Amino acid sequence: MRSVFGQQFDMPDGYLNTASIGMPPVAVAEAVVEAVRGWRSGSGRPGDFDEPVALARAAFAQLVGVGVERVAVGSSASALIGLVAASLPDGCRVLVAMDEFTSVTFPFAAQAGRGVTVTEVELAELPAKAAEADLVAVSVVQSADGALVDLAALRAATAGTGTRVLLDATQAVGWLPLSLSWADAVVAAGYKWLLCPRGVAWLAVSEELRRSMVPHAANWYAGEDRWASIYGLPLRLAADARQLDTSPAWFCHVGAAAALPWLASLDLDQVRAHCVGLANQLRAGLGGEPSNSAIAVVDRAGAAERLTEAGLSVSTRRGAARLAFYLYNTEVDVKRALEALA
C-alpha cells in the first residue's frame, strides 16, 4: 500500500504503465464497488448518478482551464473527436502530427468522402504549418514517446487566423498543468492519468465551434431538462455543451467523481516536478538527456522483455519500451528499472 498526495494506492512496486491504464486510489475503487453493490441490491436509482457526472465535469473543466458550460461528457475520446470531424465543412484541410495516435487522426481521415484532407507533418513543424490548415488536431503529449507539442507556439501561430485547434489531452491531463481555454476543442479519456474506470471521456468546446457542430448523438441525457424531455418531440437540447452529451456509463462517472476533484485540488506544478523528475532520473541512469515529459522510452533491443521479466509493468510502442511515471511512483521504481536494464 502506498500513501501519496493524500491518497492510498494498493499497488506493487514497478507499475510504470499509466500511459496505458492508470491505477485508481483505493477511495476511487471503493466508490465504484459501492455503486455496484447498490446496483446488485436494487437500491441504485438513475437520478443518483447526476451528481457524480456533474462533479467530474466541473473538475475536468478546472483541470484544463475552461468554464464548465463548455464541457460535454462521452465514453471515449475518439467518439467525441468524431463529433467534431463529422461537423467539419466539406473540403476542410486538417493538419496532424506524424505518427499521431489514430484515435485523433482516424475520425478526420474517415471524412475523406466529403473532401476532407488530412496532412501529416513532424510534431516540431506543426506550429509553423498550422495557419495553412482549417483545423489542427494534435495530442498535447504524444502517446508513442511522450513528446510534448509546443502549445505556446501553436497558440501564437493560430491566434487571429481561421485555423481551429483540437487538442487531445489524454496523455497530459492529471500530471501536466494545463490552461487550454484558447483551444477550440480539448478532449481527454479518463482511464489513464485521470485514474477513472474505462468508459468516460470529456470534450471542452468553444462556443463558436459548438454552434457549428451537429449533435449527431443527440439523446435524452443531452436535454435542457433531462428528466422532463425523455419522451416526444420537439427537439429540446441543452443550450450549452451539454447538448453534445451522451448518456453516461454510470459507474465510470462514480469513479471519475472520486478521482478528478482530488486531482484538481493538487498542486500540479508539484505533480509535474515529481513525475518528470523520476523520468529524468531514468534517462540520466541510461546516459540520456533530461526531458520535460513524464513518459520515457527505452529504444534498446530486448528492453521491454527485460523489464517485464524483472516484474515491472511497462508497454511497448514502435518497438521501444515505454515507461510512464506518475504521482504514485517512487525512486524505487526507477532503481528497479535501471537494474533490469543494466
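The model is predicted. Its chain contains eleven helices and twelve strands. The radius of gyration is 20 Å, close to the 20 Å given by the globule rule for 342 residues, so the chain is as compact as a globular protein of that length.

**Overall dimensions and packing**

- The C-alpha trace of the chain spans about 65 × 55 × 30 Å along its principal axes.
- Of the 342 residues in the chain, 52% are buried.

**Surface and charge**

- The chain has an accessible surface of about 14,500 Å², and carbon and sulfur atoms account for 54% of this area.
- There are 27 positive and 35 negative side chains in the chain.
- The centres of these two sets of side chains are 3 Å apart.

**Arginine 114**

- Arginine 114 is found in the loop that runs between helix H4 (102–109) and strand E5 (117–121).
- Arginine 114 is classed as partly exposed because its relative accessibility is 26%, a value that falls between the 20% limit for buried residues and the 50% limit for exposed ones.
- Leaving aside residues up to four places away in sequence, arginine 114 touches Ala85, Ala86, Leu88, Pro89, Asp90 and Gly91.
- A polar atom of the arginine 114 side chain lies 3.1 Å from the backbone oxygen of alanine 85.
- Isoleucine 81 is 33 residues from arginine 114 along the chain, and the C-alpha atoms of the two are separated by 17 Å.

Conventions: Residues numbered from 1 in each chain as written. Predicted model: local features only at pLDDT ≥ 70, side-chain atom pairs only at ≥ 80, totals over all residues. Heavy atoms only, no water. Helix = DSSP H or I, 4+ residues; strand = E, 2+ residues; numbered from the N terminus. Rg over C-alpha atoms; globule rule 2.2 N^0.38 Å. Buried < 20%, exposed > 50% of the residue type's maximum accessible area, 1.4 Å probe, protein only. Areas by Shrake-Rupley, 256 points an atom, 1.4 Å probe, with all protein chains shown as cover. Lys, Arg positive; Asp, Glu negative; His and termini not counted. Charge placed at Lys NZ, Arg CZ, Asp CG, Glu CD. Contact = heavy atoms within 4.5 Å. Polar contact = N/O pair within 3.5 Å; in protein donor to acceptor, adjacent residues only side chain to side chain.
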